[in-house]
Amino acid sequence: ATRATEAEWDGVGRTEDGHPVKVLANVGSPEDARAAAEAGAEGVGLFRTEFCYLGADREPTVQTQRAAYAEVLAPFAGKPVVVRTLDAGADKPLAFLAMGEEPNPALGVRGLRVAFDRPEVLDRQLEAIAGAAADSGAEVSVMAPMVATAEEAAWFAERVRAAGIERAGVMIEVPAAALCAAEILQAVDFVSIGTNDLAQYVFAADRMAGALAELNDPWQPALLRLIGMIGEAGRQVDKSVGVCGEAAADPALAGVLVGLGATSLSMNAGSLHQVGAAVSAHPLTAFQSAAREATAASTPAQGRQSAKP
Ligand code: PEP
Ligand code: MG
């Protein structure tokens with residue numbers, strides 16, 4: 001097989017035999033967005049909107065939010081951007097939402113769960129996102145964090161469409177959502193796998209706990225098997241399955257994710273070229289066999305060793 005080097009990536013995400021795999025950036029601020037656009041991102045696969053709220057002791061107005069989002073979207077006029085609604089709670093508590101003390105914040109009222117109690121906060125954010133999309137000319141879709149069931153996904157998609165935004169998706173980062181990916185994909189237009197939280201919840205291992213880093217290794221076969229199930233569900237209904245956790249930034253793992261059915265990969269700007277080159281170096285069938293090796297491995301180390309496209 002051919003081997004592209006970093007310098008050889010031409011900026012178009014696809015396998016060697018032409019299957020499109022969008023190479024996208026994760027951003028959380030205007031600076032991130034400019035850096036990602038300069039680095040050649042084909043769009044944004046995860047825009048973390050928390051930045052607009054952090055440190056705010058009251059909810060930013062719709063106008064404030066709209067202007068803040070438009071600044072992030074501006075470098076991506078005409079390109080796809082997935083805006084994630086507020087992922088508050090757990091490690092990102094917000095004063096104005098005051099959810100109270102929780103014994104297990106990672107298992108508590110976080111992400112979309114906050115919106116079930118306070119849907120008007122979500123609706124105001126959606127109004128601001130729709131406005132920012134119009135201001136910037138970016139092709140905006142919206143997705144929710146921490147979705148557990150198809151019912152939650154349908155509830156969210158309905159509010160997104162009511163706000164005049166055409167494409168609604170959800171993150172798959174809770175194991176229950178991975179297991180019900182087929183039903184979730186009926187309710188939404190796309191899903192994006194958050195491997196950081198999905199690993200944390202699959203292994204019952206806090207993602208911030210250094211001592212548990214081996215369990216949170218994205219090469220863990222159990223995690224890869226779950227990702228493969230989501231990819232298969234996406235193939236069956238022909239809808240996009242992105243990966244936007246740290247796993248997507250590992251050039252060796254990127255091909256495995258593509259082999260498992262990922263149709264886009266989203267990462268920090270610094271990894272775009274390496275990942276773009278890795279994906280364009282081999283045909284889809286080579287990645288599919290690498291994916292079989294990695295999922296059949298008994299350890300992450302064995303997977304890394306044997307999963308070569
Ligand atoms: C994830 O959980 O993998 C993810 C991309 O979201 P965050 O890191 O913001 O929780
Ligand atoms: Mg997450």
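Predicted model: local features only at pLDDT ≥ 70, side-chain atom pairs only at ≥ 80, totals over all residues.
Guide: Residues are numbered from 1 along each chain as its sequence is written, while chains are lettered from A and ligands numbered from 1 in the order in which they are written.

Visitor: Why is Leu 126 called buried?
Guide: Buried takes 20 or more other C-beta atoms within 10 Å of a residue's own, with C-beta atoms placed from the backbone (12 or fewer is exposed, in between is partly exposed). Leu 126 has 24, so it's buried.

Visitor: What makes residues 119–136 a helix, H4?
Guide: Helices are DSSP runs of H or I, at least four residues, numbered from the N terminus. Leu 126 lies in that run.

Visitor: How do you know that H12 has a span close to the expected one?
Guide: The expected span is 1.5 Å times one less than the number of residues. H12 (284–296) has 13 residues, and its 18 Å from first C-alpha to last is close to the 18 Å expected.

Visitor: Which residues of H12 are buried, and what puts them on the same side?
Guide: They're Phe 287, Ala 290, Ala 291, Ala 294 and Thr 295. They cover an arc of only 130° around the axis, so they sit on the same side of H12. That arc is taken from the directions from the helix axis to the C-beta atoms.

Notes
Helix = DSSP H or I, 4+ residues; strand = E, 2+ residues; numbered from the N terminus.
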